Amino acid sequence: MSRKKVLDEKTTSNPVRRNPFAGYKSEQEQQERQLQVRENVAITKWINLFNSLTPIEINVDEVYSPIMSCGMDIDEKQTYQSFLVHIQYAGKAPSSKEIEEFSIMVPGLDQTKPYFKKMVGLYLSALIETSKDNEFVIHITDEPPLHLCFRNRKEVTVYGDLWNVGIEMTTGRIIVTGNVEYIGEYISGGEIHVNGTLNNVPKKEKNEEFPTYRGGKVYVNGELVFDGDSK
Amino acid sequence: MKLKAPWEQAKQKYHYPSLSDPEVGKFSGGACFNFRTLKTLVDEEYIQRVCANSGLSEERVLDGVFTHEIGHYMVFPRTYGILILAAKMINDFFKKEKEDLQNFIFQTYGDMVDDVDSVLKSSRCNSILDIRTAAQKNYADRDVNGKIRAVMLAYLKKQARIDYELEDELKPFLEKMMEIDFRDVVKDHQKMREGIFLWGNIILSIIKEDKKGIGCQGVDRQEKEGEKSGEESNSADGKGNAAEPRDMDIKEVLKGMNSQQIKDALREISLTVTKGEYEQVKKWLNEKGVELPNPRPAGQGKGIGTSSGELEVDWETVRYHAEISRAYPLIIVKKPIDTKKNIRSYTRVEKWRPGTDPSLMQLGNSGGMILPGITTKIKPIEIPIKSVDYKAPHLLLEIDSSGSMINPKLKKSPAVVAGDCAARSYHINDSYVGVLNFSGDTFYLPYTRDLDAVFAAITAFQGGGTTVDMEMLKKMLGKDRAELYEKQVERNIRHMLGEIPVKAVRKNISVSVPEEIFTPGSIDVIMITDGGISNLGETLDFLEERSEVNRATIFLVDNPFGFEGVGEREGKITVKKIGEDLSGLPGMVMGAVKRHFSNFAEELMR
C-alpha cells in the first residue's frame, strides 16, 4: 500500500477528530466566604453629616473689590458657624477618639466636593469645639486640610504637614509635628508649636489699626519666634 | 521532622509559589518567614510541644504553620514596600507606645490579615484554625497576650462561620474588631491605615482593661516569660523574642535590606501615597538608620543651564518622578527613517606584503606563487550608502512648567511622570532625547543620551507664564539644530549642569550625536501641557504642518481651569489625556499595543 493511500485512509476513515480536551471538565466555581464587617456607627454618623453639609459661599469681589477678579470663595466664618449648629443637632458630642479616627478617614471621603480641603479643616475644627474632651490628635495622611483649628480653644496635636493653622485662635495649644506654611491670621492668644519648618514666621505689625497677628505665641522646634502678647 | 510533604501541601494551597524549602532552626520561636532569604524556619521543639498539647499530628501542625508562613509571602505584607508603609503607619499612630508594643501590634496585625484571608478560603481554613486553636493552649488564659490571642481566634472562627467561645469581658473587643476590614489591604492603603489604627487601639484597650493592671508592659513581660519558658510569649506561629528571627520584625528587616531592595520599596510606596507622605516615610527610614540611595547621579551639578540662565534642580524630586515612571513604559511605534550606513566592499585590490592577512591573497595573479609586491590581495573598504531603516525616531519633548501646572516639588506631577515615561521609552530604543521646558521663558536641552540630564530638564519647574518659544521649537526640529550644541557640549553633560559656566565652553566643538539626527523626520514631538498656552493656535498649526514629517503627540493634563482647544485639533496630531492619578498612562500603553497589533495584522493581510 502506498504511503499516500495510508494517509488518505487515516484522514477519511476518521473524519471527526477526537477532542483532546474531552476528558477534562470545566472547573467548578467555588463560592468564597465574604468577610463580615460591621459599620462603625459613630464614625459613619460624622462622615454622613460631613457629606450632607454644604459650604456657604461669598463673592470675594464684592467684599474686597480687588483689581483682579477672584470670584466666589467659601465664607469661613459662616460655614464654621453652620457646622457647629449641625454637629450640636446631630446628637451626642464627638469624643476625641472619634475625631482622631475621622481624621484618618479623610482620604476616603468624596474629594470632589467643592472647597473640600477648607470644608475638612473647618469641620474638624467644629468637631473639636463641640467635643467635651480637651485633648485631641489629628493625623494628616493625605493632602493637608486648610483652616484647621479655626477659632481653637483646646489642645490639639497634629501629625503631618499643614498649609495654615489656628486662624482666629483665642486660647489653647496646637502642636504640629510637621511643616507649616502660614500661621493663621487674627490669632489673639494661645500657643502654636511647630516641630518642623515654619516657612512664613509671623511678624509684629506696629502702627496697624487691624494687625494680622494680635497675640499668642509661636514656637518653632521649641524656640519662641513670635510673641504677640509682648509690647 | 519530615518537612517535605506538609510543605508541598501548603504550597499547593497558594498555587506553588517559588520558594525554597523550609529549614529547621534552633530558636525559641515556632516558625518565621525570612524576607531576606525567602526561607521559612521552623523550630522542632515548638512543633513537638504543640503536637503534644493539642493531640494533632506533626504533619497537621506543620501544614498549618507553613500555610501561615507562606501567607506572609503571598498575602501580607508580600513586599518590602507594604512592610515599611505598615510599620510607618503604626509608628505614626502609636508613637507614644514602647517599640516592643508597636512591634507587637505590627506582628499581630500582619498575622490577622494573613489568617483572615485563609479562613475565607475553604482550602486553607481548617489548617489555620487547627494551628491557631492548638497554639492557643500554650497561652495562660488570664494573661494579656492570651486574651489578645483569644479575641483573634474568636474573630477568625466567627469569620469562618464556626462556633466560638469567648469570655464575656472580651466580647466588646471582638465586636469592635468586627469593624476592621482585613481584606485587600495591600491594594488599598487607606483601608490598611484605618485597620491598623482600630487594631492598635483594640490591643491598647485590652491591655488597659486587663485586671492585673500590667498595662503596656504586659506584652513585654510576656516576652520575657517566653524567653524563660521557651515558648509562652510567642504568637500562634511562635514568633519569639527580639534576638530571635521573626518574620515581621521591622528592625531586623530594615537592617538586612540592600540598596536595590530599598529603591524598589520606595518606588512601590511612591506609586500609591502622596509626595508628602513619601517624604515622611523616607525621613522615618533615615531615622531608623537605613541608608537611602543618593538621588543625585555621579557627576551631576546642582542646576541646569537654560537659554537665559540656570534653573535649580532638586534631585530628590527628579529621582522621585523618574522612579514612578518605571511603572508605565510606553510603546514606541517604529517608522521608516532615512539613514546613512556603510557597507563592506571587496572590489579593490592592493599589493600583498609579508605580515598582512594571507587569506586575502589572490595567487592567481602571480602564477600561483607568493611574491611580495607582485601578488595582490583584496582590500576591504567601507562604502557609505543611503538607506531607509525601520526604527524608533528620536524625541523632542516639550513640557509646560507654567504656574498652572503642578509643581513637582510639592506634589506628584502627572506631567513630569508622563514626560519621564516617554523619555525612558525612547531612550531604551537607542534614541536621543531633547527637551524644551517652556513657561514664560524657554530653556532647552539638546538631543542627548544622558537620561539623568533629560529627567532633570523635564522636572525643572519655572512656574511663570506660558508661551512656547516658536523660534526654539523650529530650531530643535530644523536643519540648524546643530547650532544648539555650540553652547552646550553633548556627552560631557557636566559642563551643562552648572559646574563650568556656559560661556567658558569653547564654541567650535564637534557634535558627537549621530548624523541621522539631523535628517528630517527622524524626530517625534511630544508636548505635555494643560492647554493654557498663550500662543496655542500658532503652536498647533506648526505641529500640524509638520505632522507628515514629525509625528506629534500632545499629552493633555487634566486641569481645573478647563482650558480647551487642544482636544479639538485631534487628527493630524494625537491627543492623549492624563488624569491627576496617572490613570491615562496605562491606557496609552494599551492604545499603542492595539495600534501596533492592528498594523501588524494589516501587514499580514497584504
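**Notes on a predicted two-chain model**

1. B:Tyr16 is exposed, with 9 other C-beta atoms within 10 Å; the cut-off for exposed is 12 or fewer. Please keep in mind that this is a predicted model. B:Tyr16 sits in the loop between helix 1 and strand 1 of chain B, and its phi is positive, about 55 degrees, although it is not a glycine. B:His15 is found in the loop between helix 1 (4–13) and strand 1 (23–25) of chain B, and it counts as exposed because 7 other C-beta atoms lie within 10 Å. As background, most residues other than glycine have a negative phi, and most peptide bonds are trans.

2. One more backbone detail is worth a look. The peptide bond from B:Phe76 to B:Pro77 is cis, with omega near 0 degrees. B:Pro77 belongs to the loop between helix 3 (58–74) and helix 4 of chain B.

3. Now to confidence. For the complex, the predictor gives an ipTM of 0.77 and a pTM of 0.75. The average pLDDT of chain B is 80, and 80% of its residues score at least 70. Residues 213–243 of chain B have a pLDDT below 50, yet this stretch makes 78 contacts in the model beyond near neighbours in sequence. Residues 489–511 of chain B are also below 50, with 43 contacts in the model beyond near neighbours in sequence. I would read the contacts of these two stretches with that in mind.

4. A word on the two chains. Chain A contains six helices and eleven strands, and 31% of its 231 residues count as buried. Chain B has 20 helices and 14 strands, with 42% of its 606 residues counted as buried. Of the contacts in chain A with a separation of 6 or more, 44% come from residues 24 or more positions apart. In chain B, 70% of the contacts between residues at least 6 apart in sequence join residues at least 24 apart.

5. Where the chains meet, 19 residues from chain A and 19 residues from chain B take part. On the side of chain A that touches chain B, helix 5 (residues 96–105) of chain A gives the most, with three residues. By class, that side of chain A has six nonpolar, six polar and seven charged residues.

6. Within chain A, have a look at A:Val165 in strand 5 (residues 162–165). A:Val165 counts as buried because it has 29 C-beta neighbours inside 10 Å, where 20 or more is the cut-off. Beyond its neighbours within four places in sequence, its contacts include A:Leu148, A:Cys149, A:Ile174, A:Val176 and A:Ile192. A:Gly184 is another of these contacts; 19 residues from A:Val165 along the chain, its C-alpha atom is 5.1 Å from that of A:Val165.

7. In chain B, helix 4 (residues 80–93) and helix 13 (residues 275–287) have axes that come within 11 Å and cross at roughly 85 degrees. The two helices are therefore roughly perpendicular to each other. From helix 4 of chain B, B:Ile84, B:Leu85, B:Lys88 and B:Asn91 meet B:Val281, B:Trp284 and B:Leu285 of helix 13. Sorted by class, this contact has five nonpolar, one polar and one charged residues.

8. Chain B also holds an open sheet of six strands with mixed pairing, in the order 11-10-9-12-13-14. Strand 11 (442–448) and strand 14 (574–578) of chain B are at the edges with a single partner strand each, so one side of each lacks a neighbour in the sheet. From one strand to the next the twist averages 15 degrees. Strand 9 (residues 394–400) and strand 10 (residues 433–438) of chain B pair in the parallel sense over six bridges, and B:Asp400 stands opposite B:Phe438 in strand 10. Helix 15 (residues 414–428) of chain B packs on this sheet, touching strand 9 and strand 10 among others, and its direction makes about 175 degrees with that of strand 9.

9. A second open sheet in chain B has three strands in the order 6-8-7, with antiparallel pairing. Its edges are strand 6 (335–351) and strand 7 (361–362) of chain B, each with a single partner strand, so one side of each is left without a neighbour in the sheet. Strand 6 and strand 8 (residues 376–391) of chain B run antiparallel and are joined by 15 bridges. In this sheet B:Val349 stands opposite B:Ile378 in strand 8 of chain B.

Definitions and conventions. Residues numbered from 1 in each chain as written. Chains lettered and ligands numbered in written order. Predicted model: local features only at pLDDT ≥ 70, side-chain atom pairs only at ≥ 80, totals over all residues. Axes fitted to C-alpha atoms, helices over the stretch in contact; angles between N-to-C directions. Helix = DSSP H or I, 4+ residues; strand = E, 2+ residues; numbered from the N terminus. Parallel < 35°, antiparallel > 145°, perpendicular 65-115°, else oblique. Contact = placed C-beta atoms within 7 Å. Nonpolar A, V, L, I, M, F, W, Y, C, P; charged D, E, K, R; others polar. Pairing = 2+ DSSP bridges. pLDDT = per-residue confidence, 0-100.
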